[in-house]
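Please find below my notes on the model you sent.

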Amino acid sequence: MLIKRRRGWELREQDATPEAVYLDRRSLLQAAGFGLMASALPAGAAMAQAGGAAGPYPARQNMRYRLDRPLTPERDATSYNNFYEFGSHKGIAGAAQALKTEPWTIEFTGMVEKPMKVDFDELAKRMPFEERLYRFRCVEAWAMAVPWTGFPMKSLVDFAKPLSSAKYVVFQTFMDPKIAPGQRQSWYPWPYTDGLTIAEATNELAFMATGIYGKPMPKQNGAPIRFITPWKYGFKQVKSIVRVEFTDKRPVGYWEKLQSSEYGFWANVNPKVSHPRWSQATERMLGTDERVPTLLYNGYEEFVADLYKGMEKERLFA
Ligand SMILES: Nc1nc2c(c(=O)[nH]1)N[C@H]1C(S)=C(S)[C@@H](COP(=O)(O)O)O[C@H]1N2
Ligand SMILES: [Mo]
């Protein structure tokens with residue numbers, strides 16, 4: 001008799017529950033006509049429907065990006081966070097509520113046709129919202145799988161109209177030590193920034209996330225807007241963005257400034273390239289004790305490997 005042994009990364013029955021619950025809620029909303037309305041109406045109208053939050057919630061899911069694992073339970077993704085502005089431990093969700101996200105202004109600056117400051121709600125009206133299910137991998141070797149709401153980073157880049165001489169885009173978080181106790185610790189290189197090449201920023205996977213689990217972004221997850229590059233380690237993916245700068249000089253991000261022997265510019269996920277202090281071969285899915293094998297480019301090789309052709313001499317993976 002042939003006995004099929006379940007491999008570690010295959011779905012277990014108990015893990016399937018959160019996703020099933022989430023999908024059920026979606027289909028209920030859709031049956032009631034909400035999902036359809038949100039995606040059929042212009043973004044502005046959908047916004048009013050969502051009670052003022054910028055963007056339609058839930059947005060229609062883009063089925064091109066599929067998961068190989070169950071979604072992380074919402075309570076885990078929203079209660080186990082890295083947001084050093086509010087403390088260097090995972091339980092910062094309470095402290096992060098001090099962040100005032102309305103109104104929120106984003107500055108576009110540097111090598112652009114015309115520098116500008118834009119109200120987040122006004123920007124959101126012009127962006128094509130959708131939902132994507134992505135894997136997420138922190139360099140500390142925990143991982144999650146979450147539904148982000150937002151729009152392609154390429155739409156943001158097009159909106160900003162960078163000059164053709166710009167080679168990088170740099171994202172910067174708010175700076176407000178009055179509400180962010182971490183920012184009173186002067187040995188950290190505040191404000192938190194990190195950047196991408198224009199080719200990375202306009203790759204189809206690069207995403208500006210304004211929501212999670214079909215709702216506007218919780219403050220602890222980077223409200224009102226953060227970026228998501230799912231093939232890179234989490235530390236690249238700046239939360240609560242107030243400034244978008246285009247430049248022709250490679251930026252040095254927050255973690256690279258702190259410790260360049262451990263954190264570099266590219267920071268692409270690779271199970272075979274260890275962090276100097278620990279292995280990256282496996283990862284723990286939040287909400288479980290299970291370790292699953294880490295995938296090259298976090299499983300997104302087909303989308304991003306071309307970006308790095310001919311760059312073998314670069315330190316692509318840490
Ligand atoms: N502004 C800011 N952005 C940040 C961080 C931070 O400390 N401050 N931490 C990063 C790290 S290390 C990770 S793993 C992710 C965590 O995102 P999450 O809390 O939504 O899981 O946010 C990234 N973005
Ligand atoms: Mo991280």
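1. The model is predicted, and local features are taken up only where pLDDT is at least 70. Side-chain atom pairs are held to a pLDDT of 80 or more.

2. The sheet is open and mixed in its pairing, with five strands in the order β2-β1-β10-β5-β6. Its edges are β2 (116–119) and β6 (193–197), each of which pairs on one side only. From one strand to the next, the twist averages 20°.

3. Within this sheet, β5 (residues 168–173) and β10 (residues 241–247) run antiparallel to each other and are joined by six bridges. Which residue of β10 is the bridge partner of Phe 171? The partner is Val 244.

4. Is helix α7 (residues 153–160) largely enclosed by the rest of the structure or left open? The helix is largely enclosed, because six of its eight residues are buried, where buried means under 20% relative accessible area. The buried residues are Met 153, Ser 155, Leu 156, Val 157, Phe 159 and Ala 160. Lys 161 follows the helix and has a positive phi, near 50°.

5. Thr 78 sits in the loop that links α4 (74–77) to α5 (93–96). With a relative accessibility of 14%, Thr 78 counts as buried, since the cut-off is 20%. Apart from neighbours within four places in sequence, the residues in contact with Thr 78 are Ala 93, Pro 218, Gln 220 and Asn 221.

6. How many cavities of 30 Å³ or more does a search of the whole structure find? The search finds one. The largest cavity holds about 40 Å³ of space. Its lining is made up of Val 139, Tyr 233, Phe 235, Glu 262, Tyr 263, Val 273, Ser 274, His 275, Gln 280, Phe 317 and Ala 318. Sorted by class, seven of these lining residues are nonpolar, three polar and one charged.

7. The volume of the largest pocket is about 360 Å³. The pocket is lined by 25 residues, and those closest to its centre are Asn 82, Tyr 84, Tyr 192, Gly 234 and Phe 235. The lining of this pocket comprises 15 nonpolar, six polar and four charged residues.

Conventions:
Residues are numbered from 1 along each chain as its sequence is written. Chains are lettered from A and ligands numbered from 1 in the order in which they are written. Side-chain values use heavy atoms; hydrogens and water are left out. Two strands pair if DSSP finds at least two bridges between them. Helices (H or I, at least four residues) and strands (E, at least two) are DSSP runs, numbered from the N terminus. Axes are lines fitted to C-alpha atoms, for helices over the stretch in contact, and angles run from 0 to 180 degrees between N-to-C directions. On a 1 Å grid over the protein atoms alone, a cavity is a set of points where a 1.4 Å probe fits but cannot get out, and a pocket is an open set with protein on both sides within 12 Å along at least five of seven lines; lining residues have an atom within 4 Å of a point. Grid points are joined across faces, edges and corners, and a volume is the space filled by probe spheres set on the points. Ala, Val, Leu, Ile, Met, Phe, Trp, Tyr, Cys and Pro count as nonpolar, Asp, Glu, Lys and Arg as charged, and the others, Gly among them, as polar. Buried means under 20% relative accessible area, exposed over 50%, partly exposed in between (1.4 Å probe, protein chains only). Contact means heavy atoms within 4.5 Å.
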